[in-house]
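Trainee: I am new to reading protein models. Could you walk me through this one, feature by feature?

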Amino acid sequence: SENFEKELTSENISKQFAVSRSKLDRDFRKFTENTVHAYIEVCRVNQAKYMLQYSTEMSVGEIAAACGFENESYFFPFFKRAVGMTPAEYRKSCIKVKTTADAR
């Protein structure tokens, strides 16, 4: 979870820990109920959500790159599938919530 922005695969993680890829995948799923790949994607989406909310000076493309997504055109549909709205819609919804909370 500390290196989600890097190019991570089960293969290179298993080499880092000197275990077979199948053992890593099996044990990871056993303890997290998720695949390594799915866990990395959750970390990346969560970081993107945070950055969209609080790093308003960064463009969506810059945020996608900072979170380890290959490119912006991959990030948009992936984010929409995971969150239910586009990155721009998510950012606007966060601004709306902040504005409403500040008005109270």
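Trainee: What percentage of the 104 residues in the protein chain do buried residues make up?

Mentor: Let's start with what we are looking at. This is a predicted model, where local features need pLDDT of at least 70, side-chain atom pairs count only at pLDDT 80 or more, and totals for chains, interfaces and linings use all residues. Residues are numbered from 1 along each chain as its sequence is written, and side-chain values use heavy atoms, with hydrogens and water left out. Buried means under 20% relative accessible area, exposed over 50%, and partly exposed in between (1.4 Å probe, protein chains only). In this chain, 29% of the 104 residues are buried.

Trainee: How many helices and strands does the protein chain have?

Mentor: Helices (H or I, at least four residues) and strands (E, at least two) are DSSP runs, numbered from the N terminus. Here there are 6 helices and 0 strands, so the order from the N terminus reads α-α-α-α-α-α.

Trainee: Which residues have the most contacts inside the largest nonpolar core?

Mentor: In soluble globular proteins, nonpolar side chains tend to be buried together. A nonpolar core is a set of buried Ala, Val, Leu, Ile, Met, Phe, Trp, Tyr and Cys residues joined through side-chain atoms within 4.5 Å. The largest one here has 14 residues, and Ala48, Leu52, Ile63, Cys67, Phe69, Phe75 and Phe79 have the most contacts inside it. Two or more residues each come from α3 (36-54), α4 (60-66), α5 (72-83) and α6 (87-103). The biggest contribution, 4 residues, is from α3.

Trainee: Which residues does Phe69 touch?

Mentor: A contact means heavy atoms within 4.5 Å. Leaving aside residues up to four places away in sequence, Phe69 touches Arg44, Val45, Ala64, Tyr74, Phe75 and Phe78. Phe69 has 6% relative accessibility, so it counts as buried.

Trainee: How many aromatic pairs does the structure hold?

Mentor: A pair of aromatic rings is described by the distance of the centres and the angle of the planes. Rings of Phe, Tyr and Trp (its six-membered ring) pair if their centres lie within 6.5 Å; planes under 30 degrees apart count as stacked, over 60 as edge-to-face and the rest as tilted. The structure holds 9 such pairs. One of them joins Phe69 and Phe75, and is tilted, with 4.8 Å from centre to centre and 55 degrees between the planes. Phe75 also pairs with Phe76: the centres are 6.3 Å apart and the planes stand at 85 degrees, so this pair is edge-to-face. Phe75 is buried, at 0% relative accessible area, while Phe76 is partly exposed at 29%. Ring pairs link Phe69, Tyr74, Phe75, Phe76, Phe78, Phe79 and Tyr90 into a cluster.

Trainee: Where is alanine 18 found?

Mentor: Alanine 18 is in the loop between α1 (10-16) and α2 (21-32). Most residues other than glycine have a negative phi. Alanine 18, however, has a positive phi, near 55 degrees, and is exposed, with a relative accessible area of 71%.

Trainee: What is the phi of glutamate 33 near?

Mentor: Its phi is near 60 degrees, again a positive value in a residue other than glycine. Glutamate 33 sits in the loop between α2 and α3. With 73% relative accessibility, glutamate 33 counts as exposed.
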